Amino acid sequence: MSDYWCERAWLPGPGEPGSPGEPRGHIAESVRVETEAGRIVAVEHGVPAADGDVRLRGVVLPGLADAHSHAFHRALRGRTHADGGSFWTWRQGMYALAAALTPDLYERLARAVYAELALGGTTAVGEFHYVHHRPDGTPYPAAQGGPNAMAEALRSAARDAGVHLTLLDTCYLHGGLGPDGHQPLAHEQARFGDGTAEAWARRVDALRTAWADDDRVLVGAAAHSVRAVAPDELAAVARWAQDARAPLHVHLSEQPGENQGALAAFGVTPTRLLHDAGALGPGTTAVHAVHLTDDDVALLGTSGTGVCLCPTTERDLADGIAPGLRLARAGSPLSVGTDQHVTADVLAEARGVEEHERLATGGRGAFDPAALVDVATSAGHAALGRPGAGRIAAGAPADLVAVRTDTVRTAGSDPAQLVLVAGAADASDVVAGGELVVRDGVHRAGDVARMLAEAIDEIWAAAERDTERDLTHDITRGSDA
Ligand SMILES: [Zn+2]
């Protein structure tokens with residue numbers, strides 16, 4: 001286990017004695033960070049490096065938290081723009097991709113995706129995981145890894161990539177909301193479903209037991225959305241999370257269509273449905289929360305429900321702009337996620353929270369740089385069931401990212417405002433759980449671009465084989481009829 005000496009580091013608390021307002025992060029010079037067994041045990045500033053210290057240049061921030069990831073969506077990056085379309089047409093492409101995944105292919109893709117995130121400074125990922133079963137919806141047999149084969153693939157990928165994983169195991173039981181209520185899963189959604197909330201809970205209980213001794217992973221819960229989980233099932237998932245003291249995440253009002261569906265079927269908004277099911281509270285994180293009424297904002301804020309914004313995805317999929325400042329003022333801690341991985345850049349997501357506010361309001365500075373660092377670090381880790389992480393302080397996990405101040409993007413900037421200019425490409429060194437995962441911009445696993453290209457090529461080749469097989473099957477069936 002190494003100790004680190006940082007040219008500059010972002011430490012918790014006020015920069016000047018007697019600073020007004022809440023204790024905020026600030027930059028200190030010449031900071032030594034001692035680590036032991038994956039945790040920070042001492043932090044001193046204004047001191048020289050000791051023999052053997054690993055030197056970190058630039059500004060060292062706490063490791064970043066990507067609070068919302070669907071690792072396999074990375075294979076869609078740069079492939080969905082030719083025909084325009086909408087969120088719903090994008091989703092059809094995503095289903096074709098999901099159908100091609102096997103545990104082995106998914107492990108290789110996720111390893112590359114998590115390594116890409118690590119290169120950009122991410123040290124903890126919240127994987128909103130719903131591709132559970134074989135394409136026909138039946139569980140993987142024991143010989144192929146059992147009912148949690150896909151989760152195990154993700155755990156292995158995260159370990160190799162050197163990131164902490166919170167697996168948000170997602171309950172996904174229905175195909176959508178029609179005027180008569182919830183519809184059955186469509187053929188392409190079959191592998192997401194466990195049949196019932198009780199069967200979901202049994203499978204996730206087994207996963208928690210299997211992972212209990214691994215301190216690099218956590219098992220949390222997710223309900224896919226009010227489209228995919230009915231009110232009584234939402235209540236069951238929420239109870240499971242409360243009993244397990246595990247984080248609960250849920251997609252919320254990303255698109256107006258979800259609100260219309262909930263209003264038509266139940267006469268209330270998705271937020272109100274979650275509230276009535278007992279699914280809101282400080283342990284819950286609502287993801288997106290774009291299309292909200294004033295009442296929704298109040299329900300989320302007063303319950304202390306966290307909100308995870310994914311600005312680059314919300315732009316890419318034409319979702320809209322979430323009311324970030326109103327939510328924060330109402331009482332919701334904000335975190336960020338890369339979601340569909342249109343970028344793998346948590347700093348860009350954090351900056352997007354402020355940028356979207358500027359576009360929506362015509363004003364600047366709703367979130368100052370210190371607030372955005374909190375969004376990218378401590379608040380994100382807390383949303384992933386890692387309270388106390390995301391701070392450079394004794395007792396916290398030894399998660400650090402050194403951000404260069406001498407690149408073409410960052411040269412000349414005030415280091416205290418780095419979060420508004422720096423991005424994944426400026427992260428040079430990354431420490432996760434006390435291990436140096438990225439050094440001088442190179443991931444310990446090797447050439448990450450190549451890992452991505454090979455895994456993505458293989459998955460699309462498998463998807464094409466699936467399509468050909470389905471066509472052949474249809475033709476055969478047609479001639480039989
Ligand atoms: Zn999502």
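Start with the cavities: a search of the whole structure finds five of 30 Å³ or more. A cavity here is a set of points on a 1 Å grid over the protein atoms alone, where a 1.4 Å probe fits but cannot get out. Grid points are joined across faces, edges and corners, and a volume is the space filled by probe spheres set on the points. This is a predicted model in which local features need pLDDT of at least 70 and side-chain atom pairs count only at pLDDT 80 or more, while totals for chains, interfaces and linings use all residues. Residues are numbered from 1 along each chain as its sequence is written, and side-chain values use heavy atoms, with hydrogens and water left out.

Select the largest cavity, with a volume of about 160 Å³. Its lining has 17 residues, and the closest to the centre are Phe-87, Trp-90, Met-94, His-224 and His-251; lining residues have an atom within 4 Å of a point. Helix α1 supplies the largest share of this lining, five residues. Helices (H or I, at least four residues) and strands (E, at least two) are DSSP runs, numbered from the N terminus. By class, the lining of the largest cavity holds seven nonpolar, six polar and four charged residues. Ala, Val, Leu, Ile, Met, Phe, Trp, Tyr, Cys and Pro count as nonpolar, Asp, Glu, Lys and Arg as charged, and the others, Gly among them, as polar.

Next, select the zinc ion. His-68 (NE2), His-70 (NE2), His-251 (NE2) and Asp-339 (OD) coordinate the zinc ion at 2.1 to 2.7 Å. Donors are N, O and S atoms within 2.8 Å of the metal (3.2 Å for Na, K and Ca); water is not among the atoms, so sites may look incomplete. The arrangement is irregular because the four donor atoms subtend angles of 85 to 172°. Four donors count as tetrahedral if all angles lie between 85 and 135 degrees; four count as square planar and six as octahedral if opposite donors are over 155 degrees apart and all others between 65 and 115; anything else is irregular. Along the chain, the donors of the zinc ion follow the spacing H-x1-H-x180-H-x87-D. His-70, in the loop between β5 (64–69) and α1 (87–100), and His-251, in strand β11 (residues 248–252), are 181 residues apart. His-70 and His-251 are both buried (under 20% relative accessible area; exposed is over 50%, partly exposed in between; 1.4 Å probe, protein chains only).

Move on to the aromatic rings, where the structure holds nine pairs. Rings of Phe, Tyr and Trp (its six-membered ring) pair if their centres lie within 6.5 Å; planes under 30 degrees apart count as stacked, over 60 as edge-to-face and the rest as tilted. Tyr-95 and Phe-192 form a tilted pair, 5.9 Å centre to centre with 45° between the planes. Tyr-95 is in helix α1 and Phe-192 in the loop between β9 (181–183) and α4 (197–211), 97 residues apart. Ring pairs link Phe-72, Tyr-95, Tyr-106, Tyr-130, Tyr-172 and Phe-192 into a cluster.

Phi of His-288, in strand β12 (residues 284–288), is near 90°, a positive value in a residue other than glycine. His-288 is buried, with a relative accessible area of 0%. Ala-318, in the loop between α9 (311–316) and α10 (324–330), has a phi near 55°. At 62% relative accessibility, Ala-318 counts as exposed.

Definitions and conventions: On a 1 Å grid over the protein atoms alone, a cavity is a set of points where a 1.4 Å probe fits but cannot get out, and a pocket is an open set with protein on both sides within 12 Å along at least five of seven lines; lining residues have an atom within 4 Å of a point.
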